[in-house]
Amino acid sequence: MRHSLKTLLPLALIPFPALALDIHVAPDRETSTLTAARDALRASGKLGKEPCQVLIHSGTYRLEQPLELTPDDSGSKEHPAVWKAAGDGKVVITGAELLSPTWEETENGIFRTRVPGKDAIDQLFANGKRQILARYPNLGAGFLPVGKDKSVRGKQAGNVPYDGSTPNAWDASKAKDWADPTGAFLHGMHSGLWGSQHYRVLGKKPDGSLDYEGGWQNNRSSSPHKGYRMAENIFEELDSPGEWFHDTKSGWLYYQPAEGIDLQTATFEAVRQIKHLINFHGETETSEMTLTRTGNSLREMTVETHQTTTPVRHIRIEGLTFTGTARTFMETREPLLRSDWSIYRGGALHLRGTEHITIARCRFEELGGNAVFVDSYNKHTEILSNRFRDNGASDVNLVGSFAAVRDPAFGYRSPAPPLDEIDTTPGPKSDDYPADCRIADNLMTRCGRFEKQVAGVNLSMSSRVTISHNTISHTPRAAINICDGTWGGHLIEWNDCFETVLETHDHGAFNSWGRDRIWHSANPSGPNQRDKSGKALISHYIEKFPDSPKWDPYQTTIIRHNRMHCDHGWDIDLDDGSSNYEITHNLCLAGGLKTREGYHRIVKNNIILDNYTCNVPYPKPTYDVFESNIIWSETVYRSTNPALWGGSRNRTFVHNPDAARTEPATALQQETLDDKDSLYGNARFIDPDNGNFQVAEDSPALQTGFRNFPMAGFGVTSPDLQAEAATPNIRLPEKAATNTYRTAKSNKFLGARIKNLTNDAEVTATGVHEKRGTYLVDVPAGSKLAAYGFKSGDVVLTVGNRPTPTARSFRSTLTKLKPGKHDANVWRDQQSIPLTIHIK
């Protein structure tokens, strides 16, 4: 008799295949909730040992509390735990409760119904669509504030913040119409359009004006913008289709039906307080840290830091739709070091203390706050092929712990540590931060529906994050933002970012800051930036510690092969202190490229429609390189003083489609005292009208070392996301540079050079909040203006209580002052400073 090998082996040694565990969840099954599925998975004892998956069948799963996934729910590298849609229809995970309204008509087309519970409704959905909390002005109403700047006068709301704003939204004259506005929210933009600020109404003051708290949402807060203001959650403003109001005292929900809504058949859902839907929380040791910051109404606050001891590992979430979380704008308090951002450290999916978590092919729609928040220690997080739309704050945040930062400082005006006390060790001091993560093939549109200091992807205190092949568009601020230099090593490639910075200003489709350990503002007129001899303080740090610019950004961040488009700023904006970047092979379609003060920025082989801006350079050398780029713009370089450039700048090709010949770029050479091999002429783009900016084989641009790079392949790669994604509109520059050098327009007055504040480069260099004022280009020591107390870099706002919006008005006003003391006001070191002028 013949026997197979298996029949001869003992039973225990026969290699039987692993048994898969499938747990099915459906509203009509015994396992009908996600929590029950989690508990069953834990009880099986098979997690990490065998293939295990939770198959979620078609339906809506309503959560009263977030689903908590802990180390007990971990899979393994060989057998990750999978939570996925079963494939028989849409699976919705929501924090919204289903209402059973009985509507009765009141007046003016308004209906009402009783709703149980006293907790205020934060968001209302009708047939799955977000409705409008009663507001003033109405959605789509309002105008840009009227001023002397003719470019904004009377322009109707298009990309107006909050989809409608008006200067009188918070005024006592308007509030008199409101019987009890307690609990209303006031939304206003930062006065410089650097994000938004939000307030909760506490009641009315005796004079009828509103009493409110808030404004801490911007880490560089200011008084609210005078024009861009909106108020909501006010019963008397319920006057437009789709608007609603919940009276928590009486329990009535009021609603004016939107077009197409049948009250008898429509499905109504309400979000109240739930802010997270799934928490992936490892075991941690929790500590408290007290933060002290300047320039914000919350000068001191205590935050928790978490040191991970046991991570959640190897879980995959796939094919689910997440919606229905509460708005978090009043909890956006925590400063991200010295950047302009404050954040709410949470989101619909909150990861803290994890390894190898994958979120794939999910949809994040109309959430109240952040969609995905990767918090503190997280390694190898992957966010792949998801759809994000119409979320209240940012789509994806990766934010480390302050406990990992050496010499952390909070707030724009917080000083750098003293020279003899600074920590000189490069890199982080712990591993409590996101690292080696990947965000790829995601389609993100219209983030920041409620908050405006947001991004499609935001990084802070993180390392080696790959952001690739994402399509990010229609954002109020940046598509991709990096708050600080800690700790670099990121790879940003093949992204398609357009229609960005739509509701704000002075920013980029890609934006970064680098206000790290050694950072001092390079603004020459700023206090605490120079020693008594006038030497920049940053110079002392660089002289003693030449490697200090790379202490925090100790790994190079690479930005390559992206297509970028910005509406109110730069396509790529390396702002204050951003250091250690390599920027190559990018197509910049609208706003140009900027490097403000910083070190070690290599910018090569890019196509830039609009200018290259270098603002307020640091003391030489900066080791910056700007070479072999093509620029198509009326103004090639914008800078406070191009001759102060501290790196190498050469082989630029200045494109003019009407140029008759190729010749040395003499205008650049005279302006910069550099650019000895730069050329001027027609680059001979192949098809710029349709977005192909490759140059012909015989293009003279190739003489500068420029090399063609692909004009396709940007953005998402999944066919279903590609079908849903838009692409940027190509708008070619209307004017191109000539090859004739023209000196900057400025006037000599009382021994100084003055001019009108006219361009974005000057606005971002000075930090002034609008293009209005007299810019003091150069105020030499010993000049009469210097004797009056003015300094180079000042923007004069008023003299003798009279506005000085232009150099002409400043000259006229100052010369007419009578002997004696007079008040003046200047913008200096990015704040308003009073002066007293003594005219003899």
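Buried means under 20% relative accessible area. The close-ups below come from a predicted model.

Figure 1. The C-alpha atoms fill a box of roughly 105 × 80 × 55 Å along the principal axes. Buried residues make up 59% of the 840. Among contacts with a separation of 6 or more, 71% link residues 24 or more positions apart.

**Figure 2. K174 and E237 meet in a salt bridge.** Their side chains come to 3.4 Å, N to O. K174 sits in helix α3 (residues 172–175), and E237 in the loop between β17 and β18 (243–247). The two are 63 residues apart, so to speak of the pair is to speak of a link between distant parts of the chain. E237 has 5% relative accessibility, so it counts as buried. K174, at 14%, counts as buried too.

**Figure 3. D122 forms a salt bridge with R327.** The closest N and O atoms are 3.3 Å apart. D122 lies in the loop between β9 (111–114) and β10 (123–126), and R327 in the loop between β25 (321–323) and β26 (334–335), so the pair ties together parts that are 205 residues apart in sequence. D122 is buried at 14% relative accessibility. R327 is buried at 8%. A search of the whole structure finds 48 salt bridges.

**Figure 4. E503 forms a salt bridge with R449.** Here the closest N and O atoms are 3.5 Å apart. E503 belongs to the loop between β41 (496–500) and β42, R449 to the loop between β35 (443–445) and β36 (455–460). E503 counts as buried at 8% relative accessibility, and R449 at 12%. Elsewhere, shared partners join R363, E365, R387, R389, D390, R446 and E724 into one salt-bridge network.

**Figure 5. D516 is buried yet has no salt bridge.** The nearest side chain of opposite charge, R338, is 6.9 Å away. D516 is placed in the loop between β42 (507–512) and α4 (537–544). Its side chain reaches the backbone nitrogen of G485 at 3.0 Å. Beyond its neighbours within four places in sequence, D516 is in contact with R338, D484, G485, T486, D552 and P553.

**Figure 6. Five strands form an open antiparallel sheet in the order β13-β17-β14-β15-β16.** β13 (135–136) and β16 (210–214) stand at the edges with a single partner strand each, so one side of each is left without a neighbour in the sheet. Two bridges pair β13 with β17 (residues 224–232) in the antiparallel sense. R135 stands opposite E232 in β17.

**Figure 7. Four strands form an open antiparallel sheet in the order β7-β20-β10-β11.** Its edge strands, β7 (97–98) and β11 (129–130), each pair on one side only. β7 and β20 (residues 268–271) pair over two bridges. L98 has E269 in β20 as its bridge partner.

**Figure 8. β49 (residues 601–604) has a covered and an uncovered face.** R601 and V603 are on the covered face, I602 and K604 on the uncovered one. Four bridges join β49 to β46 (residues 581–584), in parallel. I583 has V603 as its bridge partner. Three bridges join β49 to β52 (residues 625–627), again in parallel. I602 stands opposite V625 in β52.

Note on methods:
Residues numbered from 1 in each chain as written. Predicted model: local features only at pLDDT ≥ 70, side-chain atom pairs only at ≥ 80, totals over all residues. Heavy atoms only, no water. Buried < 20%, exposed > 50% of the residue type's maximum accessible area, 1.4 Å probe, protein only. Lys, Arg positive; Asp, Glu negative; His and termini not counted. Salt bridge = Lys/Arg side-chain N within 4 Å of Asp/Glu carboxyl O. Polar contact = N/O pair within 3.5 Å; in protein donor to acceptor, adjacent residues only side chain to side chain. Contact = heavy atoms within 4.5 Å. Pairing = 2+ DSSP bridges.
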